[in-house]
Amino acid sequence: MGTKEQVLSFFEKCEEIKNCKFIMATSKIRDLLKCIVNCPDLYALFAEVTQNFNYPATRAQCLVTQTDGIYKRSYCILPQQIDRRLAFCFCLFVEFDKETLDFNEFLRIYFPEDGSYFASYHAFCDTVVKGMQDAIAEVFSEELKEPSALSGNGITLNSAKTGLISALDLSISEEKQNISTNRNIPEEEKAGGMAMLTQLFEAIKNENVALINALICGYNYYALYNKCVSDTLANLLREITSYEQLL
């Protein structure tokens, strides 16, 4: 199996995680880890990034708990560096597989969302699973240049566009995280921002350039009004420009 086929097999396992019910998540995560072990190029990559990786220290940086003196809020932030992000996600998945970290409890604490496991699981997939996919797409971008078909389900991947969609999904998730943890934005305003970002990603997936531009224009006003312009938003705008150039 060539490098491209290995990467596409990895992507397929990621999609299985994202599309399964959360009660099956640890089983699907185990399948993903097996995929890595059985794919020489992926195994070599993860062996390299984890070789001198300080997981306990990175875990403390990525799994954050803040308090305002009354309420505590915990959330998960992935490392920006690709090698550290891959190493962290891999080690986190190993913890779930070995049950040294309870997956349901992890969702409850770091992805509380609306209090339901369903919403928490989708938020976890949007942040962690897609973050891992995005990093792999960047590492193997050269191998994924030509469109290919995933074995067995007829899915066609254009690597450049797929990589950017993964990157946009991660950036939008990060922007949502920024809104949800911003204490200066009223809750009703947060709901409006979240809705715009959700619709933005749907427009991106549907390649609706007119709607993308309209939503970005509206969200720019939203960010300026609520004084929440960030580096994440700047990066998101750059990624959208790159994506639109491919359409």
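Residues are numbered from 1 along each chain as its sequence is written. Because the model is predicted, local features are reported only at pLDDT of at least 70 and side-chain atom pairs only at pLDDT 80 or more, whereas totals for chains, interfaces and linings use all residues, and side-chain values rest on heavy atoms, with hydrogens and water left out.

The mean pLDDT (the predictor's confidence in each residue, from 0 to 100) of the protein chain is 86, and 93% of its residues reach 70 or more. With helices (H or I, at least four residues) and strands (E, at least two) taken as DSSP runs numbered from the N terminus, confidence is highest in helix α5 (residues 82-98), at a mean of 95, and lowest in strand β4 (residues 156-157), at 42. Over residues 148-157 the pLDDT stays under 50, and for this stretch the model has 17 contacts (heavy atoms within 4.5 Å) beyond four places in sequence. Where pLDDT is low, the predicted coordinates should not be read in detail.

Two packed helices are described by the angle between their axes and the distance between the axes; here the axes are lines fitted to C-alpha atoms, for helices over the stretch in contact, and angles run from 0 to 180 degrees between N-to-C directions. Helix α1 (residues 3-19) packs on helix α7 (residues 117-139) at an angle of about 175°, with the axes 10 Å apart, which makes α1 roughly antiparallel to α7 (under 35 degrees counts as roughly parallel, over 145 as roughly antiparallel, 65 to 115 as roughly perpendicular and the rest as oblique). Among the residues that meet are Val7, Phe10, Phe11 and Cys14 in α1 and Tyr121, His122, Cys125 and Val129 in α7. By class, this contact of α1 with α7 has 11 nonpolar, 2 polar and 3 charged residues, where Ala, Val, Leu, Ile, Met, Phe, Trp, Tyr, Cys and Pro count as nonpolar, Asp, Glu, Lys and Arg as charged, and the others, Gly among them, as polar.

Threonine 127 also lies in helix α7 and counts as buried, at 12% relative accessibility (buried means under 20% relative accessible area, exposed over 50%, and partly exposed in between, with a 1.4 Å probe and protein chains only). Leaving aside residues up to four places away in sequence, threonine 127 touches Cys76, Leu78, Phe111, Leu170 and Ser173.

The axes of helix α10 (residues 209-225) and helix α11 (residues 231-246) come within 12 Å and cross at roughly 165°, and α10 is therefore roughly antiparallel to α11. Residues in contact include Val209, Ile212 and Ile216 in α10, together with Leu233, Leu237 and Ile240 in α11, and by class the contact of α10 with α11 has 9 nonpolar, 2 polar and 1 charged residues.

Most residues other than glycine have a negative phi. Glutamate 207, however, which is found in the loop between α9 (187-205) and α10, has a positive phi near 55° and is partly exposed, with a relative accessible area of 40%. Lysine 227, in the loop between α10 and α11, likewise has a positive phi of about 55° although it is not a glycine, and it counts as exposed at 77% relative accessibility.

Serine 27, located in helix α2 (residues 25-38), is partly exposed, with a relative accessible area of 27%. The C-alpha atoms of serine 27 and asparagine 226 are separated by 42 Å, the two residues being 199 residues apart along the chain.
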